Amino acid sequence: MTTPTGDVLTESRAAAGRVFATLRRRVPEIVIGIGVVWTLLCLIALGAAALDDNSISSHRVTTSATVLEGSDYWRSVVRFVDSEGRMQTPGNGVFYPSGLTPGQNIYVDYDETNPSKVRVSGRSALGGILPTAGAIVAGWVVLAPLAVYLRRRRARRG
């Protein structure tokens, strides 16, 4: 620890230097931490999809819907008439939208108590297990070798 010089700029630089030196030594652990956070985020997303599926299945109503313009691979917007005769166009789109094209007529399942929760009929969170596992594996394929390399480099430098 250094003694205070009274010069704020010098003391700030010294403190910042110590922080950055500590961070440089901890880069392999930071990379592993990023991998852990990535894995948790993927699992949380899959868990949220399963909870939404459970909610839809608890109060499921199946109806026909039309895929609207402005839809793409990641988000497809649909329009359908709910059980009370109201036109519904959920702003977040439909869950599991892959393979849908604008103008297509499909069947959807929705939560009668919350018509904004809509999924393509016959699809569920189970279809997301392989893509989620793939994303987790892809993340670790990049991050694990990087962490090993950084750890070995740190060991060589002493």
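Colleague: Where does Ser 121 lie?
Modeller: Ser 121 sits in the loop between strand 5 and helix 3 (129-157). Helices here are DSSP runs of H or I with at least four residues, strands are runs of E with at least two, and both are numbered from the N terminus. This is a predicted model, where local features need pLDDT of at least 70 and side-chain atom pairs count only at pLDDT 80 or more, while totals for chains, interfaces and linings use all residues. Residues are numbered from 1 along each chain as its sequence is written, and side-chain values use heavy atoms, with hydrogens and water left out.

Colleague: Switching topic: which residues make up the largest nonpolar core?
Modeller: There are twelve residues in that core: Val 61, Ala 65, Val 67, Val 78, Phe 80, Val 94, Leu 100, Ile 106, Val 108, Tyr 110, Val 118 and Val 120. Strand 1 (60-67), strand 2 (78-81), strand 4 and strand 5 (114-120) each give two or more residues to this core. A nonpolar core is a set of buried Ala, Val, Leu, Ile, Met, Phe, Trp, Tyr and Cys residues joined through side-chain atoms within 4.5 Å.

Colleague: Pick one of the core. What about Tyr 110, buried or exposed?
Modeller: Tyr 110 counts as buried, because its relative accessibility is 1%. Tyr 110 lies in strand 4. Not counting residues up to four places away in sequence, the residues that Tyr 110 touches include Ile 56, His 59, Val 61, Phe 80 and Val 118.

Colleague: What does Val 61 touch, then?
Modeller: With residues up to four places away in sequence left out, Val 61 touches Val 108, Asp 109, Tyr 110 and Glu 112.

Colleague: You mentioned His 59. Where does His 59 lie?
Modeller: His 59 is in the loop between helix 2 (27-58) and strand 1. His 59 is partly exposed, because its relative accessible area is 37%. His 59 touches Tyr 110, Asp 111, Glu 112 and Thr 113, not counting residues up to four places away in sequence.

Colleague: How many residues apart in sequence are His 59 and Glu 112?
Modeller: They are 53 residues apart in sequence, and 5.4 Å apart in space, C-alpha to C-alpha.

Colleague: On to helix 3. Is Thr 132 buried or exposed?
Modeller: Thr 132 is buried, because its relative accessible area is 15%. Thr 132 is found in helix 3, and leaving aside neighbours within four places in sequence, Thr 132 is in contact with Cys 42 and Leu 46.

Colleague: And Tyr 149, where is that found?
Modeller: Tyr 149 is also in helix 3. Tyr 149 is partly exposed, because its relative accessible area is 45%. The C-alpha atoms of Tyr 149 and Pro 28 are separated by 8.3 Å, though the two are 121 residues apart along the chain.

Colleague: Zooming out, in what order do the elements run?
Modeller: From the N terminus on, they go α-α-β-β-β-β-β-α. The radius of gyration is 25 Å, well over the 15 Å that the globule rule gives for 158 residues, so the protein is more spread out than a compact globule. That radius is taken over C-alpha atoms, and the globule rule is 2.2 Å times the number of residues to the power 0.38.

Colleague: What box do the C-alpha atoms fill?
Modeller: Roughly 75 × 35 × 30 Å, taken along the principal axes. Buried residues make up 28% of the 158 residues.

Conventions:
Buried means under 20% relative accessible area, exposed over 50%, partly exposed in between (1.4 Å probe, protein chains only). Contact means heavy atoms within 4.5 Å.
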